[in-house]
Amino acid sequence: MDNAPQILKFCHEIAELESDADRVLREAMSKVFREEPDVRQVVKLKEIYELLESVSDRCKDVAGTVEAIVLENS
């Protein structure tokens, strides 16, 4: 695999972005629970944030799988 180093670099970058997303999620959730007076809005935002967290986790999972395949075939 000629482009294995580049693929691995992208996989590591995805993992870093997922970690950043976790941090942003915690900050956003904290802010919503502290500052949003409308309970319905809190519930909506919580659901959206959890969905985004799930998406970023899946991206990291895919990157991990791709990384394993690249390493196995290098």
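Colleague: Where do Glu50 and Lys46 lie, and how many residues apart?

Modeller: Both lie in helix H2, 4 residues apart, or about one turn. Helices here are DSSP runs (H or I, at least four residues), numbered from the N terminus. It's a predicted model, where local features need pLDDT of at least 70, side-chain atom pairs count only at pLDDT 80 or more, and totals for chains, interfaces and linings use all residues. Residues are numbered from 1 along each chain as its sequence is written, and side-chain values use heavy atoms, leaving out hydrogens and water.

Colleague: What do the side chains of Glu50 and Lys46 meet in?

Modeller: A salt bridge, 2.7 Å from N to O. That term needs a side-chain nitrogen of Lys or Arg within 4 Å of a carboxyl oxygen of Asp or Glu.

Colleague: How many salt bridges in the whole structure?

Modeller: The search finds 6. Among them, Arg58 pairs with Asp61 at 2.9 Å, and Asp38 with Arg40 at 3.8 Å.

Colleague: Is Arg40 buried or exposed?

Modeller: Exposed, at 63% relative accessible area. The cut-offs are under 20% for buried, over 50% for exposed and partly exposed in between (1.4 Å probe, protein chains only). Asp38 is partly exposed at 29%.

Colleague: Switching topic, which residues make up the largest nonpolar core?

Modeller: Leu25, Ala28, Met29, Val32, Val42, Leu45 and Tyr49. A core is a set of buried Ala, Val, Leu, Ile, Met, Phe, Trp, Tyr and Cys residues joined through side-chain atoms within 4.5 Å.

Colleague: Which element gives the largest share?

Modeller: H1, with 4 residues.

Conventions: Helices (H or I, at least four residues) and strands (E, at least two) are DSSP runs, numbered from the N terminus.
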